[in-house]
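User: I have a model open and I'd like to learn how to read its features. Could you walk me through it?

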Amino acid sequence: IIDKPYYEDNTRISNSSIGWFLKKGPLYFRNMLDGKEEGLKLPQLEKGTMIHEYILQPEDFWNDYIILDYEVPKVKQQKDFCETYANSLELIEDDKKIAAYKSAYSNSKSSEIVLKEATELCNRYADYIKALQSKKDNRKVISFADLNMLKNIKNNIDNHKKAKELLEDIPGVESHNEFHINWELPVDDWVAPCKSLLDRCIFDHINKKITLIDLKTTSDVYNFKHSVEEFDYYRQITYYLLAISWYMKDQGIDISDYDCEAYIIAIQTNGNNEVRVFNMFNELELDSRKDLIVKTL
């Protein structure tokens with residue numbers, strides 16, 4: 001039963017929350033659930049989200065992203081100035097510019113210079129300020145460089161035999177992208193409420209095969225082993241396989257009749273946006289992570 005969006009449901013435990021607990025302890029875990037901690041909000045995470053949606057949910061991509069044909073401030077003070085100016089209720093135009101400038105910049109320039117520089121900013125970012133004032137479009141802004149990167153990644157995937165095979169839908173074969181499973185895991189006398197959002201999984205009921213696929217972005221696909229260890233991707237794969245096992249049982253299907261495979265498609269976010277595929281189905285690693293997951297829960 002999916003009664004809450006995945007990221008809004010704090011009543012269930014995700015692989016990420018297990019990571020919070022293991023790396024930073026119970027207080028951080030509790031504060032993350034209560035919204036008292038920001039967590040990671042890095043530019044590379046936003047880029048990863050954009051790449052995921054472009055590859056896995058292309059039909060939704062342009063509902064969430066927009067390319068602007070006008071200049072957007074790159075410097076924080078310029079952005080702060082535009083936002084303050086756009087939201088200002090000052091009636092006198094010059095006062096509005098000066099107040100916005102002083103809010104964004106801390107310096108002792110004279111009012112004449114402040115007004116001059118503020119006017120230049122207003123003229124330069126006029127279209128951006130107009131967009132802020134309308135606030136009708138909540139889509140995230142991307143650049144033409146971002147779009148070229150996305151197209152290059154898609155092209156590299158299409159030219160990579162295994163990556164293309166894993167991401168292509170086959171008629172008559174059940175497959176899901178961004179597959180949300182709410183599931184349970186018995187731990188001693190407790191049933192742990194869990195949740196997982198799988199990038200992609202394929203259920204081939206004819207050939208009795210389940211394939212789990214996860215997309216990862218990285219700055220270096222040739223040093224991806226470091227990322228696997230740092231973020232314990234084996235634990236994530238194990239958690240997802242446990243979710244799939246629960247899902248199959250819920251569907252009345254015996255998973256022991258099926259072969260399982262698990263892959264990570266690693267995408268480099270710089271350079272030529274190279275793509276590599278890693279087989280993550282290592283039973284020794286996965287079994288040890290299952291023990292870790294149960295112990296942590």
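This is a predicted model: local features need pLDDT of at least 70, side-chain atom pairs count only at pLDDT 80 or more; totals for chains, interfaces and linings use all residues.

User: Let's start with charges. How many salt bridges are there?

Analyst: The general idea is that side chains of opposite charge can pair when their charged atoms come close. In this structure the count comes to 15 salt bridges. One of them joins the side chains of K76 and D80, at 2.7 Å from N to O.

User: Where do K76 and D80 sit relative to each other in helix α4?

Analyst: They are four residues apart in α4, so about one helical turn separates them. As for solvent, K76 is exposed, with a relative accessible area of 60%, while D80 is partly exposed at 23%.

User: Which residue forms a salt bridge with D158?

Analyst: That's K154, with the closest N and O atoms 3.0 Å apart. Both residues lie in helix α8 (residues 144–158), four residues apart, about one turn of the helix. D158 is partly exposed at 31% relative accessibility, and K154 is partly exposed too, at 33%.

User: What about D232 and R289: how far apart are their closest N and O atoms?

Analyst: The closest N and O atoms of D232 and R289 are 2.8 Å apart, and the two form a salt bridge. This pair links distant parts of the chain, 57 residues apart: D232 is in the loop between α10 (224–230) and α11 (233–250), and R289 is in helix α12 (residues 283–296).

User: Are D232 and R289 buried or exposed?

Analyst: Both D232 and R289 are buried. They also belong to a network of salt bridges that takes in R235 and E285.

User: Now D199. Which side chain of opposite charge is nearest to D199, and how far away is it?

Analyst: It's K216, at 5.8 Å. What the D199 side chain does have is a polar contact with the side chain of H52, at 3.0 Å.

User: Where does D199 lie, and what does D199 touch?

Analyst: D199 is in strand β4 (residues 190–204). Leaving out residues up to four places away in sequence, its contacts include H52, L56, H176, I213 and L215.

User: On to a helix. How far does α5 reach from its first C-alpha to its last?

Analyst: Check the reach against the expected span. Helix α5 (residues 93–104) has 12 residues and reaches 17 Å, close to the 16 Å expected at 1.5 Å a residue. Next, look at which residues are hidden: K96, K97, I98, A100, Y101 and A104 are buried. The buried residues of α5 pack against α4 (76–87), α6 (111–124) and α7 (126–134).

User: Last topic, the rings. How many aromatic pairs are there?

Analyst: A pair of aromatic rings is described by the distance of the centres and the angle of the planes. Here the count is 14 aromatic pairs. Take F61 and Y65: their centres are 4.6 Å apart and their planes are at 15°, so the pair is stacked. F61 and Y65 are both buried. Another stacked pair is Y101 with Y105, at 4.5 Å centre to centre and 20° between the planes. Y101 is buried, with a relative accessible area of 2%.

User: Which residues do ring pairs link into a cluster?

Analyst: Y54, F61, W62 and Y65 are linked that way.

Notes:
Residues are numbered from 1 along each chain as its sequence is written. Side-chain values use heavy atoms; hydrogens and water are left out. Helices (H or I, at least four residues) and strands (E, at least two) are DSSP runs, numbered from the N terminus. Buried means under 20% relative accessible area, exposed over 50%, partly exposed in between (1.4 Å probe, protein chains only). Lys and Arg count as positive and Asp and Glu as negative; His and the chain ends are not counted. A salt bridge is a side-chain nitrogen of Lys or Arg within 4 Å of a carboxyl oxygen of Asp or Glu. A polar contact is a pair of N or O atoms within 3.5 Å; within protein, one must be able to donate a hydrogen and the other to accept it, and residues adjacent in sequence count only if both atoms are side-chain atoms. Contact means heavy atoms within 4.5 Å. The expected span of a helix is 1.5 Å times one less than its number of residues. Rings of Phe, Tyr and Trp (its six-membered ring) pair if their centres lie within 6.5 Å; planes under 30 degrees apart count as stacked, over 60 as edge-to-face and the rest as tilted.
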